[in-house]
Amino acid sequence: MSFELPTLNYSYDALEPMIDARTMEIHHTKHHAAYTSNLNAAIAGSADEKKTIEQILSAETLAPAVRNNGGGYYNHNLYWELLAPGGSTEPEGDLKKAIVNDFGSVDAFKEAFTKAAITRFGSGWAWLVKNDGKLLVGSTPNQDNPLMKVSDIKGTPILGIDVWEHAYYLNYQNRRPDYVEAFWKLINWDVVSRLFHG
Amino acid sequence: MSFELPKLNYSLDALEPFMSKQTLEFHYGKHHQAYVNNLNGLIPGTEFENATLEEIVMKSSGGIFNNGAQVWNHTFFFNQFSKDGCSEPRDVLKEAIEKAFGSVEAFKEQFTKAAITLFGSGWAWLVVNQQGELEIVQTSNAANPMRDGKKPLLTCDVWEHAYYLDKQNLRPKYVEDFWKIVDWKIIAERYQ
């Protein structure tokens with residue numbers, strides 16, 4: 001099977017002014033599309049063609065092209081799904097309880113996640129993951145992902161922020177902290193909660 | 001010792017249209033400046049407080065290395081351009097390039113490939129290796145070939161901030177324009 005670039009269920013300008021339409025369009029139709037087609041080329045004719053993206057990324061070893069493009073494919077799928085036009089709510093219910101239990105408070109969690117996003121040097125992602133029932137915050141370089149064996153932080157991603165410069169440079173240039181601040185206004189916590197319970 | 005942002009040898013609009021004034025305003029004025037400021041904030045009270053920038057690049061790690069090496073890398077990068085630079089390598093440098101890569105054209109092709117295929121943030125370099133031969137290397141993030149005993153001659157910054165305002169996702173187009181602003185007289189001086 002070959003992987004397909006997902007269509008977004010909101011328009012490119014739906015996240016304005018936090019994320020601008022031009023950034024969204026290039027990010028989706030150029031960067032994510034390139035990861036998708038490069039992933040398909042990398043796995044063509046191999047056993048990976050019959051696997052899910054999660055199975056591919058969880059393998060004991062990953063060829064560089066599969067690691068980079070498979071990670072890029074999965075990470076962006078998650079990112080688009082987590083963003084909510086109309087703005088963020090707050091974590092509720094069991095998810096909120098788990099956050100408070102593992103980080104002390106929702107604010108303390110946000111501080112830890114923000115720090116992970118801002119201090120990741122170079123290109124990469126910051127994550128909230130669920131590992132054996134416990135929530136963890138961390139970051140990965142480039143398109144690595146907590147499902148990968150090479151990742152320092154391991155678990156199932158339930159929230160992720162892209163801190164490659166392409167995610168924010170047209171709108172925020174060198175001001176990554178402003179982009180991360182804006183990200184908090186766009187999170188679809190229903191999706192995070194579903195992934196938490198998944 | 002406190003480091004300062006080095007002055008550019010050209011005006012911010014001198015490299016237009018290949019590298020825009022806006023890109024230089026951010027790349028030099030914000031990113032390069034931030035690495036300088038961060039480094040100055042990190043070294044007091046450490047063994048690197050009175051070190052030279054080269055010593056920091058060669059010996060440090062963590063945040064001091066990331067910021068120190070990025071100060072060095074960006075200074076080296078910005079210093080190799082000019083508005084009306086000599087467009088092609090000549091003389092002994094040209095001979096060394098031909099010896100290592102076959103031709104100047106073949107060298108440019110290989111260097112371009114190194115710059116385009118470096119995944120994530122980093123740098124492509126032309127270096128003199130420990131055998132005295134020219135070689136092309138890629139480094140990630142702040143990494144610098146001097147740590148491997150190699151002498152840098154030319155570098156291309158492929159962090160997205162180097163080209164995103166001008167070229168967005170089109171890194172190959174950025175590298176194509178990079179060749180139009182490299183001053184080979186400066187690269188020749190570095191080689192000698």
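**View 1. The pairing of A:Val129 with strand S3 of chain A.** In this predicted model, A:Val129 has A:Pro157 as its bridge partner in S3(A).

**View 2. The open sheet of chain A.** Three strands of chain A form an open sheet in the order S2-S1-S3, and their pairing is antiparallel. Strand S2 (134-141) and strand S3 (156-162) stand at the edges with a single partner strand each, so one side of each has no neighbour in the sheet. On average, and with direction ignored, neighbouring strands of this sheet are turned by 20° against each other. As a general point, the strands of a sheet pair through backbone hydrogen bonds, in either a parallel or an antiparallel manner.

**View 3. The contact between chain A and chain B.** The contact draws on 19 residues from chain A and 18 residues from chain B. Between them the two chains bury about 1,800 Å², of which 62% lies on carbon and sulfur atoms. On the side of chain A, the residues that lose the most area to chain B are A:Phe121, A:Glu165 and A:Tyr169, which together account for 38% of what that side buries.

**View 4. Polar contacts and the chain A side of the interface.** Seven residue pairs are in polar contact between chain A and chain B, counting pairs with both residues at pLDDT 80 or more, whereas the count of salt bridges between these chains is zero. Helix H1 (21-43) and helix H6 (169-172) of chain A are the elements that give two or more residues to the side touching chain B, and H1(A) gives the most, with five residues. The residues of that side comprise six nonpolar, nine polar and four charged.

Methods: Residues numbered from 1 in each chain as written. Chains lettered and ligands numbered in written order. Predicted model: local features only at pLDDT ≥ 70, side-chain atom pairs only at ≥ 80, totals over all residues. Heavy atoms only, no water. Contact = heavy atoms within 4.5 Å. Buried area = accessible area lost by both parts, 1.4 Å probe. Salt bridge = Lys/Arg side-chain N within 4 Å of Asp/Glu carboxyl O. Polar contact = N/O pair within 3.5 Å; in protein donor to acceptor, adjacent residues only side chain to side chain. Helix = DSSP H or I, 4+ residues; strand = E, 2+ residues; numbered from the N terminus. Nonpolar A, V, L, I, M, F, W, Y, C, P; charged D, E, K, R; others polar. Pairing = 2+ DSSP bridges. Axes fitted to C-alpha atoms, helices over the stretch in contact; angles between N-to-C directions.
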